[in-house]
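Please look over the model shown here.

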Amino acid sequence: MNEYDSNRILDLLKKINYLPTKVIEKADCYILNTCHIREKATDKVYHEIGRVKKKFRNKKKPIVLIVGCVAQAEGEILLKKENYIDGVIGPQSYQKINRIILEIENKSKKIEATEFEVISKFDQLSLIKNSDSKISSFLTIQEGCDKFCKFCVVPYTRGPEHSRSFTEIVAEAKQLVNNGAKEITLLGQNVNAYCYNNKKLSDLLYLLSEIKSLERIRYTTSHPKDFSNDLIKAHSKCRKLMPLLHLPVQSGSTKILRQMNRNHSVNEYLEIIEKLRSENELIKFSSDFIIAYPGETEADFEKTLFLMKKVKFINSYSFIFSPRPGTPAGRLKQIDKKIAKERLFIFQNIADQIKKDYRSRLVGSITKVLFENKIKDNDQYFGRDEYFNSVIVNSSKDLVGKTINVKINQCNHNTLFGDLTLDKLPKEYAA
Ligand code: SF4
């Protein structure tokens, strides 16, 4: 979502003639878009500002703005602690960025904008064309969260759930497709909580799949609690919806899920997986896990391993619990570091083995790849298959934006390597 936000900030800035530069030292304005999910996010901001200060030691200082979730969480503290920062802007206030820059230019005063004004933000953004021109683009359809999982800062930094209107979303999707997008990933902190005038995410998926040149649709991130039957159905009915679903579970123990305030049990999670599989036998899953959440016993951890082996997630993102200041779980007694590290090691070994087995089964298979870009200085092209696996092939012809069948002949932990298949290949690509 920060990548989407950064692109939209760039679109806004063009209105006051600020354009991106690759040479930091030449910048008149330096904007750091921050994420508060990972540990030590605030320290990283101060560290980064130190780096910028060095670059501008003998030059005119640029306007320095901190935007995003760290700006929201820390607000005025950032301005007080680091004099080099001119403004902090929360994720629901970045529509004000041009006015803030002009005010700082004119009056050299410090500005904090951390109100939750999500409706005004999207109203203003919908007036400005989305100029993102990637083959695979992001589109935010929903923001914020009302779930209040005990470990998470999002409800405090992004505010309550808000869904954008169909009209705004479809118009922006068409802009992206006109710019060259073939794949759109719909974004939201709780994307499947999307609801606008009684229309749900499934309705939106069907509507967007009518856009002719749009080939692929994905959405992320979902919450099991909001996984309705109509959305499950869409996984077989909506042809453009890709068969990989990222569905965070966090733990395989219902006791821990309750303590996290996830509002569903492991059985309910497995029921969703089963329903999706019976709707679409090709579907695969990825997930997020928090290892060693406060109170996690050896038996709870075993249940997480069991879930991993049962579902066979083809990708998983796992971290040891780390407390976020201001969240209820931030005050809980943490599990001994050594035990936590051992559990993470065991978990990741199993997850890696499952991923390895899955990927080695792909060698020899034919997969549909949407090519996104040429690899610099090489006759090689990078794309993704329907399961979001990275694929690289050699080609002397331009493949960007094309969806072509590829025979996989090699793989490593992160990438599949293959050859364009001659049977399905448009004539001009046959060597
Ligand atoms: S549902 Fe997701 S975004 Fe919302 S509080 Fe829980 S982890 Fe955070």
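The report below starts with the whole chain and ends with a single residue.

## Overall build

This is a predicted model. The protein holds 14 helices and 19 strands. The C-alpha trace spans about 65 × 60 × 45 Å along its principal axes.

## Packing and contacts

Of the 431 residues, 53% are buried. Among contacts with a separation of 6 or more, 71% join residues 24 or more positions apart.

## Surface and charge

The accessible surface of the protein is about 21,000 Å². Carbon and sulfur atoms supply 51% of that surface. The protein carries 72 positive and 53 negative charges.

## Phe321

Phe321 sits in the loop between β14 (315-320) and α14 (337-362). Is Phe321 buried or exposed? Its relative accessible area is 6%, and buried means under 20%, so Phe321 is buried.

Leaving aside residues up to four places away in sequence, Phe321 touches Phe151, Ile290, Ile291, Ala292, Tyr293, Pro294, Ala329 and Gln334. Thr421 is 100 residues from Phe321 along the chain. The C-alpha atoms of Phe321 and Thr421 are 45 Å apart.

Note on methods: Residues are numbered from 1 along each chain as its sequence is written. This is a predicted model: local features need pLDDT of at least 70, side-chain atom pairs count only at pLDDT 80 or more; totals for chains, interfaces and linings use all residues. Side-chain values use heavy atoms; hydrogens and water are left out. Helices (H or I, at least four residues) and strands (E, at least two) are DSSP runs, numbered from the N terminus. Buried means under 20% relative accessible area, exposed over 50%, partly exposed in between (1.4 Å probe, protein chains only). Contact means heavy atoms within 4.5 Å. Accessible areas come from the Shrake-Rupley method with a 1.4 Å probe; for residues, only the protein chains shown count as cover. Lys and Arg count as positive and Asp and Glu as negative; His and the chain ends are not counted. The place of a charge is taken as NZ of Lys, CZ of Arg, CG of Asp or CD of Glu.
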